[in-house]
Amino acid sequence: MAAVAVVGAQWGDEGKGKIIDLLAQEADVVARYQGGNNAGHTVVVDGKTYKLHLIPSGILYPGTQCIIGNGVVIDPFVLWDEMENLVQQGVDISGLKLSENAHLIMPYHRVLDKLEEAHRGDKKIGTTGRGIGPAYVDKVGRIGIRLGDILDEAFLTELLEVILPQKNKEIQFYGGEPLELGKIVEDYFQIGQKLAPYITDTSRLLNEAIDVGRKVLLEGAQGTLLDIDHGTYPYVTSSSPIAGGATIGLGIGPTKIKKVVGVVKAYTTRVGEGPFPTELHDEDGEALRNIGAEFGTTTGRPRRCGWFDSVMVRYAVRVNGLDTLAITKLDVLDQLPKIKICVGYKLPDSDEVLTEFPTRLNVLAKCTPVYEELDGWQEDTTSAKHLEDLPMAARRYLARISELVGSEISIVSVGSDRRASLKLNSIF
Ligand code: GDP
Ligand code: IMO
Ligand code: MG
């Protein structure tokens, strides 16, 4: 049995947490491969809500091994809080394993994230302010500090003696206050001691699990259009949420991934800045935000809302090689009389309809959507268990999405709770 990757196919917050939790019922291992505590994954079980930022959404099943891979950037204090919170809620976290090669978010990353955003002015990205971008910059710049490094106080001091003066210069360039070396060493060495029992070579663990036939889920954070290479650059995050990122972020070969599942919301949302062709500024957008409770899990910001964009999701099918889709939040559309799907884009002063997602940001920013309108179903779908339980118009909507984006659908979600799910095809 090889691994199954689960990725976001839009701009994040597609409901990955809910779908991973659902699939984790059958899995032995769940491994997160990129991002950091910019992510907010919500899992609802029997009315109880868990908000996860770093720990994989398989943690709620006792005995499931949950890996945070080398591709994740870890804020060790946020991670420790999350671990303690779960334990307080009675969750068994003994299956948690952390890659010794995962890079750390350092205090100067958080400071620089905010200073750089302020410096960009009206060109700001709208980051989560958690230090994610600056941490990945240092990783690529070869001046990052990894989880394994903080277990050795002398080695950590040696690294910071070179890195911190450089970071302090950057902070001062933006008018910020320099940070003190001694305190950082002390704080990070101490938290390293607490995390030490969980730190290991996770690539080895994961490959062994795959080789003996365990069922493994690879958990993506963010979404395809936030990918550093394939997203709406520069309004993206600094890692690779697409399926290809899983091999690098976990140390497994691409041959080990047997299936890629794309999580797709039945409409579109985005947090932060950047172009969004189907964004609604009217009462339909308000309705989606209110009914869908579209407020960020991490920052509480209202999410921008709009109609389903099949051009964008077809692009996500392509760059991830999606085999199948999990469609979430279908129930949010339950009461709408009419529902629109974007089937193409138009540019000003041209009659041509674009049906491929433009990769140049200044082109995308000028695109206006071409819509197809479908009848709504105006019926409650939240207790549906099988495709046949859904109203005909809802089935038509799903079939049209599947046809337009070129992928079959395996899961339909009709509520935040684990049980509010229709499994159409098996994933493992
Ligand atoms: P993630 O970042 O992709 O894991 O998604 P988030 O957890 O940030 O946002 C998805 C939100 O929608 C969460 O509050 C979920 O509890 C909720 N949710 C997930 N699936 C469904 C669904 O099918 N219906 C409804 N109404 N809510 C859902
Ligand atoms: P999950 O995993 C939605 C967005 C931010 C901002 C951009 C860059 O819950 O789907 P960053 O702090 O990463 O440098 O911010 O990316 N963003 C997300 N939007 N869901 C997320 O994660 C996100 N993580 C980052 O709003 O626009
Ligand atoms: Mg989220």
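Figure 1. At 77% relative accessibility, R142 counts as exposed, where exposed means over 50% relative accessible area, buried under 20% and partly exposed in between (1.4 Å probe, protein chains only). In this predicted model, local features need pLDDT of at least 70, side-chain atom pairs count only at pLDDT 80 or more, and totals for chains, interfaces and linings use all residues. Residues are numbered from 1 along each chain as its sequence is written, chains are lettered from A and ligands numbered from 1 in the order in which they are written, and side-chain values use heavy atoms, with hydrogens and water left out. R142 lies in the loop between α4 (132-140) and α5 (153-173); helices (H or I, at least four residues) and strands (E, at least two) are DSSP runs, numbered from the N terminus. Its phi is near 65°, a positive value in a residue other than glycine.

**Figure 2. D349 in the loop between β16 and β17.** D349 occupies the loop between β16 (338-346) and β17 (353-354). Although D349 is not a glycine, its phi is positive, at about 65°. The residue is exposed, with a relative accessible area of 85%.

**Figure 3. The cis peptide bond at P234.** The bond from Y233 to P234 is cis, and its omega is near 5°. P234 belongs to the loop between β10 (216-219) and α8 (244-250).

**Figure 4. The cysteines C342 and C367.** The cysteine sulfur closest to that of C342 is in C367, at 8.8 Å, too far for a bond. Seen from C367, the closest cysteine sulfur is likewise that of C342, at 8.8 Å. A disulfide is a pair of cysteine sulfur atoms within 2.5 Å, and by this rule the count comes to 0. C342 is buried, with a relative accessible area of 0%, and C367 also counts as buried, at 6% relative accessibility.

**Figure 5. The chain as the setting of the close-ups.** The chain contains 12 helices and 20 strands, and its C-alpha trace spans about 65 × 50 × 40 Å along the principal axes. Of its 428 residues, 57% count as buried. Among contacts (heavy atoms within 4.5 Å) between residues at least 6 apart in sequence, 76% join residues at least 24 apart. The chain has a radius of gyration of 22 Å, which agrees with the value near 22 Å for a compact globule of 428 residues; the radius is taken over C-alpha atoms, and the globule rule is 2.2 Å times the number of residues to the power 0.38.
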